[in-house]
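This report describes selected features of one protein model. Please consult the sequence and structure shown below while reading.

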Amino acid sequence: MSAPCLDKAPETYDDRLAEMEAQFEQHAKTYLREEPELRQQMLDQLRDWIAKHPHIRKVRTDALFLVKFLRAKKYNFINASKLLERYLATKVLHRDWFGRLDIEDPELSALVDTGYLFPLPERDSKGRTLLFSVASGIDPTRFSGRHACRLHMMTAELCAETNEFLCGGFILVYDFSNITLAHLNVVSFNDIRLLSKAANNSLAVRAQEVHFVNTPSAGLTIANFALQLANEKLRSRIFCHKNWDELYKKVDKNLLPKEYGGTIPQQELIDSFKGRCKEMRPLLMAYDEMDMEIAKDSEYANCGIEDELESGAIGTFRKLQVD
């Protein structure tokens, strides 16, 4: 696969979008306000905004990349353009967390091999993509929270190359079996603040449900801290389960790896995902070339992890309990 064009104002724009199945086309129309005429109108408007933006230097302008932001904000131009700007600022300011999506990086490649995170091939009855994590795969003596975040970002960017992922959203299942305190210490509270801010304000992903299975008590403490920082919509979609039978009440086990009730062995799924990452490497590497100047007087110039989260909810929140 070739790298995408990053010219902010190319002579011609890439309007190619794969045809969607009827289920996703209807979903986009009903829940995301997507109509062909509105979509093209908003793409033209967003491209004009990018071309005239004084600080954006390099970015993808192809239709598939830009509809990611339009769909995330249900075709509200002001919100979609702001999301794109925050996305670029986050990429520039925190490349160690959200960049360097290189499957040939020895550490990232090794983390993929552990099964820490990989997508599953079949979507659920609502058209949602499933992502699966064997959390104990992250060796705390070798990997850091930055490695984990980069793998999450690589997975999301890879999946976002399909209309189905952008329209249907995703479900994330974490297997917390055999998790120790050392695993939990891979991510600090300050790291959680940064990641929560990005999830709330800067990432064009549509998380429909997040499930934690076999979560230890220490993990619940950390999860509840993260929950305070999440926006209200995401908080309502996070669940903890004491065992797999509880998860199966919400997620079809036939869609999971064979070791968890499905049909395809975990190693086969990991190998398939790794092969896809290698195939799409030119595209993934291009994300590091996208660039935006962070002006000294911009809202991002002094953007630290201690800043108040614009969409976070500090105060009353739904405390996580194990089902």
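Is Asn178 buried or exposed?

## Basis of the model

The model is predicted; local features need pLDDT of at least 70, side-chain atom pairs count only at pLDDT 80 or more, and totals for chains, interfaces and linings use all residues. Residues are numbered from 1 along each chain as its sequence is written, and side-chain values use heavy atoms, leaving out hydrogens and water.

Asn178 is exposed, at 66% relative accessible area (buried is under 20%, exposed over 50%, partly exposed in between; 1.4 Å probe, protein chains only). Asn178 lies in the loop between strand E4 (170–175) and helix H9 (181–184) (DSSP runs numbered from the N terminus: helices are H or I of at least four residues, strands E of at least two). Although not a glycine, Asn178 has a positive phi of about 65°.

Lys74, in the loop between helix H3 (63–72) and helix H4 (77–93), likewise is not a glycine and has a positive phi, near 50°. Its relative accessibility of 38% makes Lys74 partly exposed.

## The open sheet

Five strands form an open sheet of mixed pairing in the order E2-E3-E4-E5-E6 (a pair requires at least two DSSP bridges). Strands E2 (118–119) and E6 (238–241) are the edges, each pairing on one side only. Strand E5 (residues 207–213) runs parallel to E6 over four bridges, and Phe212 has Cys240 in E6 as its bridge partner.

## Helix H14

The buried residues of helix H14 are Gln266, Leu269, Ile270, Phe273, Lys274 and Cys277. They fall within an arc of 130° seen down the axis, so they line one face of the helix (the arc is taken from directions between the helix axis and the C-beta atoms). These residues pack against helix H6 (106–113), E2, strand E3 (129–134), helix H7 (145–159) and helix H15 (281–286) (contact: heavy atoms within 4.5 Å).
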